[in-house]
Amino acid sequence: MTTTTTTTATTAFATAVREALSDLPPEERDDLTDGLEADLAERAAESGSDLGDPRAYADELRAAAGYPPRSARSHLGAALPDLRTLPQELRRRWNDLVARHSLIASLVAFFVALRPVWWVFRGLAVYAILMSLLGASAFGATWWPIAVAAVVLSVQLGRGRMQGRAWVRWTQRVVSGVVILVAPFLLGALATNVNLAMSAGNVDQGQTWYPSGLTRDGMPIDNIFAFDAAGQPIEQVQLFDQDGQPLDLTSDTSMEWWNAQDGSMLVPSDDVPGRAGWNVYPLAHVNDWADIEDDGQLDDSEISPTDFPFGSAKPLAGSDPAVTAQPMTPQAAPAD
Amino acid sequence: MDTTQLLKGVLDVAVLAAVQHEDGYGYDIVRRLRAAGLDEIGDASVYGTLRRLYSAGALTSYVVPSDGGPHRKYYGINDQGKAMLAEQRTIWSEFALTMSALLDTRRPRAVRTIGEKA
């Protein structure tokens, strides 16, 4: 009867009060509301069953206990956390956690000391994002003053200068958020660039393989056949490059023969004083494999001149076909 | 100002005084204060104050189980609370005198010191 109604009302009231105090840590809330039902029952018994507004009761209770007032709650009810106070609430919980564990406090202090690194990174990241939006290379030297400006701005904002207007703080938060989101991609791009730069430097150390000796478009050249302006074959020609260096077939001039792609073995000319004539073309070839294995030496009988691919080439425009180079066969000196 | 405002300033000392002679639980203390003449006091305020004084170390607290009824949390004054009460008592007396003098409707007269010519 009345007692039952009172009990139900009291319980409902007490629940509502606890609800209103749900932003407090559970311990504290329980301390505050421990004897609540009993006290309410007693009051109701003495002065009637009008319990009043639980919210007002909770506000009075928390104020007397020294807690800050709860900010206005959303209409959706206490089930949802209040978004407006969420940052403060999180911060308060965080502070509690830090205060209770010295290890966490040490870690926090460590990371706080690293904040300047974050500021510099943020400045560089903004610069990199800007450059990529403009289509320019972040690594180019032209725009580095902007990089410096971005870093200085970021550091000054981090230090707390230039605060004051709300839009400054909001822009700062948005930019920091964007930087954090984009950071993995930025770091990835940076890693790729560094990798490229490093591997480019490794070319000299032979990491990229080039075939040794004479090559054309990466394909080895085994022999060269020269024809003069009139189209006549040149029996022996000495070739040099733009620096005056002999255009040797192989860079290892101590080699005694060269394995051509058609299976033949080519040898340098003996006629160059002081060195193997690897730049005298066309290179002669060894008659028979077996000759090399025999005595490790090659004499003239075992070597033959290599045939030209064709007897003569087209004469160049403006040349006199009558003028020839040294013919293949020796002939008497021209008559005077 | 109404008594609510006044009470807010002295709630601590009022609650301490209410338990100085005998421990009590929440509503008990509310009753004592109301009986002493503080009708305006809200019980939520009293409970909150009890909690705060306990946290501050001025009160002891213990739970008394009871059969067939709810457990009651009792509060009692301890040495620190007693010291606080004594201090607040002095402060209050001085303050009350000061305020009374200030609010006196009579025009203030020059105070003569001994030896001063009239």
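**Entry 1: the sheet in chain A**

I began with the strands and found four of them in an open, antiparallel sheet of chain A, in the order 6-7-9-10. I took helices (H or I, at least four residues) and strands (E, at least two) as DSSP runs, numbered from the N terminus. Two strands count as paired if DSSP finds at least two bridges between them. Strand 6 (258-259) and strand 10 (303-304) of chain A are the edge strands, each pairing on one side only. I then looked up strand 6 and strand 7 (residues 265-267) of chain A, which pair in the antiparallel sense over two bridges. A:Asn259 stands opposite A:Met265 in strand 7.

**Entry 2: what I am working with**

This is a predicted model, in which local features need pLDDT of at least 70 and side-chain atom pairs count only at pLDDT 80 or more, while totals for chains, interfaces and linings use all residues. Residues are numbered from 1 along each chain as its sequence is written, chains are lettered from A and ligands numbered from 1 in the order in which they are written, and side-chain values use heavy atoms, with hydrogens and water left out.

**Entry 3: where the chains meet**

I looked up the contact (heavy atoms within 4.5 Å) and noted 15 residues from chain A and 16 residues from chain B. Chain A and chain B bury about 1500 Å² between them, 49% of it on carbon and sulfur atoms. Buried area here is the accessible area (1.4 Å probe) that two parts lose on being put together, summed over both. On the side of chain A, A:Asp39, A:Glu42 and A:Ala64 lose the most area to chain B, together 32% of what that side buries.

**Entry 4: salt bridges**

I counted a salt bridge where a side-chain nitrogen of Lys or Arg is within 4 Å of a carboxyl oxygen of Asp or Glu. Helix 2, helix 3 and helix 4 of chain A each give two or more residues to the side that touches chain B.

B:Arg51 and A:Asp31 form a salt bridge at 2.9 Å, N to O. B:Arg51 lies in helix 3 (residues 43-56) of chain B and A:Asp31 in helix 2 (residues 26-33) of chain A, so this pair joins two chains. B:Arg51 is buried at 9% relative accessible area, whereas A:Asp31 is partly exposed at 27%. Buried means under 20%, exposed over 50%, and partly exposed in between (1.4 Å probe, protein chains only).

A:Glu42 forms a salt bridge with B:Arg31, with the closest N and O atoms 2.5 Å apart. Within chain B, B:Arg32 and B:Asp28 meet at 3.6 Å, N to O. They are four residues apart in helix 2 (residues 26-35) of chain B, so about one helical turn separates them. Salt bridges that share partners join A:Asp39, A:Glu42, B:Asp28, B:Arg31, B:Arg32 and B:Arg72 into one network.

**Entry 5: the cores**

I treated a nonpolar core as a set of buried Ala, Val, Leu, Ile, Met, Phe, Trp, Tyr and Cys residues joined through side-chain atoms within 4.5 Å. The largest has 39 residues, and A:Tyr57, B:Leu33, B:Val46 and B:Leu59 have the most contacts inside it. Helix 1 of chain B supplies the largest share of this core, seven residues. Leaving out residues up to four places away in sequence, I found B:Val46 touching several residues, including B:Val15, B:Ile29 and B:Leu33. A second, separate core of ten residues includes A:Val237, A:Trp258, A:Leu266 and A:Trp278.
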